[in-house]
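Have the sequence and the 3D view open.

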Amino acid sequence: MITAREVIQKKRDREALTQQEIASFIRGYTSSQIADYQVAAWLMAVYLNGMTLDETRSLTREMRDSGTVLNLSSIGGQKIDKHSTGGVGDKTSMMVAPIAAACGVTVPMITGRALGHTGGTLDKLESIPGFNARPSPERILEILKSAGAVIMGQTDDLAPADRRIYALRDVTATVESIPLITASILSKKLAEGLDGLVMDVKTGSGAFMPTLKLATALSRSIVDVCRAMKTKIVVLITDMEQPLGRAIGNALEIRECIEFLNGRTPEDLETVTIALAAHMIRLGGLARSIDHASKLACEAVSTGEAAKRFRQIIAAQGGDERVMDNLDLLPRAANTQAFRTATTGFVVRCDAKSLGLASNALGAGRNRVEDSIDPAVGIYLEKKPGDRVLKGDVLCQIHWNDKNRLTRALPLIEQAFEVKARPARRRPLIHAILKG
Ligand code: URA
């Protein structure tokens with residue numbers, strides 16, 4: 001049998017590893033036969049020399065099978081999830097899950113928490129009083145049967161190899177590797193027992209893959225591995241140069257989602273949400289074409305069916321469903337402060353990363369996994385790129401609870417906005433769509 005040292009050496013020397021070699025390395029690590037420092041050396045070799053498609057597929061499979069793979073065969077219909085690489089104001093999960101469920105798709109959605117400048121769906125949902133992001137396995141099946149969708153956190157036994165490897169990547173500067181990101185994301189998603197996946201790969205300042213070139217390379221890798229693993233896949237590369245929608249921060253984003261499902265639809269949020277939901281509906285075999293699927297998704301919102309589903313999901317997961325009728329039941333910051341423009345002109349920049357960092361500085365996110373968050377604070381954008389403004393107009397409202405935190409957030413908000421005499425060219429909301 002090949003030793004860990006030989007696996008590291010092969011990758012160092014740019015040789016491709018076989019499926020057995022990757023399996024023995026990952027299994028050796030999860031059973032503590034292989035040390036962290038050996039895996040760290042191997043990760044750097046992968047970071048520098050890359051992986052072939054076969055290697056990435058073998059790594060994904062091994063990481064998926066390092067823990068429980070959900071068996072949802074007792075639930076009828078196609079099981080389709082949506083996953084985003086993460087962004088600022090990216091709240092589409094809370095809307096696409098009920099929309100797709102209202103159209104007949106089964107959505108077993110496993111999602112994460114805020115880290116860095118990006119928000120986390122679980123933290124947002126937990127701003128709904130009583131919401132339980134960790135239902136028991138039996139309860140997950142019941143919720144899927146009754147509401148058609150469940151939105152929950154990752155359990156300890158789902159792809160545990162990824163959790164350990166990700167922690168090592170984080171401290172060895174090996175996160176930004178396309179094969180490692182592909183295997184990390186897909187091992188967790190494929191452990192959900194899915195028939196198909198819609199990926200939202202974000203690009204722009206607030207994204208993990210800031211350039212379109214990197215986002216496209218990651219998207220291709222995800223499509224190729226899903227195809228090789230016989231899972232239906234569509235990847236939408238969407239814009240994250242500016243925040244999606246107007247709200248940034250946990251309860252503020254839930255408020256915007258409920259308003260959306262109740263019929264108030266901010267432009268960019270609607271375009272991206274309906275596109276993602278439509279691809280889920282189409283992958284689930286519930287529409288003739290993507291146009292038909294988009295029409296079904298829009299109808300699910302306009303008839304109130306999607307709002308009804310979201311209410312069911314909240315109630316089934318222990319949350320206070322009355323938030324759907326009374327937004328004042330959501331946490332509210334003690335103070336708001338208007339941030340105004342000092343010049344007249346057009347908003348040309350509203351930088352996602354700076355605003356994500358500002359929202360974190362207010363207390364909406366975390367810098368370390370163990371940090372606690374303030375669900376009420378955040379930023380509401382009154383103006384976005386393309387809007388005309390007069391000197392003194394409000395660009396955004398800051399919802400804050402702690403004066404020191406406000407002081408740290410203000411310079412970041414200041415640097416996020418740019419107002420010029422002429423409007424800038426608009427970036428597309430959806431840059432590309434790749435299919436498996
Ligand atoms: N998200 C993941 O789950 N893993 C990565 O490696 C990057 C983003």
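The largest pocket has a volume of about 1,700 Å³. A pocket here is an open set of points on a 1 Å grid over the protein atoms alone, where a 1.4 Å probe fits, with protein on both sides within 12 Å along at least five of seven lines; lining residues have an atom within 4 Å of a point. Volume is the space filled by probe spheres set on the points, which are joined across faces, edges and corners.

This is a predicted model: local features need pLDDT of at least 70, side-chain atom pairs count only at pLDDT 80 or more, and totals for chains, interfaces and linings use all residues. Residues are numbered from 1 along each chain as its sequence is written, and side-chain values use heavy atoms, without hydrogens and water.

**Largest pocket**
- Of its 47 lining residues, G112, R113, L115, Y166 and K188 are the closest to the centre.
- Helix α8 gives the most to this lining, with 6 residues; helices (H or I, at least four residues) and strands (E, at least two) are DSSP runs, numbered from the N terminus.

**Second largest pocket**
- This pocket holds about 460 Å³ of space.
- Of its 21 lining residues, Q242, P385, G386, R426 and R427 are the closest to the centre.
- Strand β8 gives the most to the lining, with 4 residues.

**Sheet**
- Strands β10, β8 and β12 form an open antiparallel sheet in the order β10-β8-β12; strands pair if DSSP finds at least two bridges between them.
- The edge strands are β10 (388–389) and β12 (417–420).
- Strand β8 (residues 345–350) is joined to β12 by 4 bridges.
- C350 stands opposite F417 in β12.
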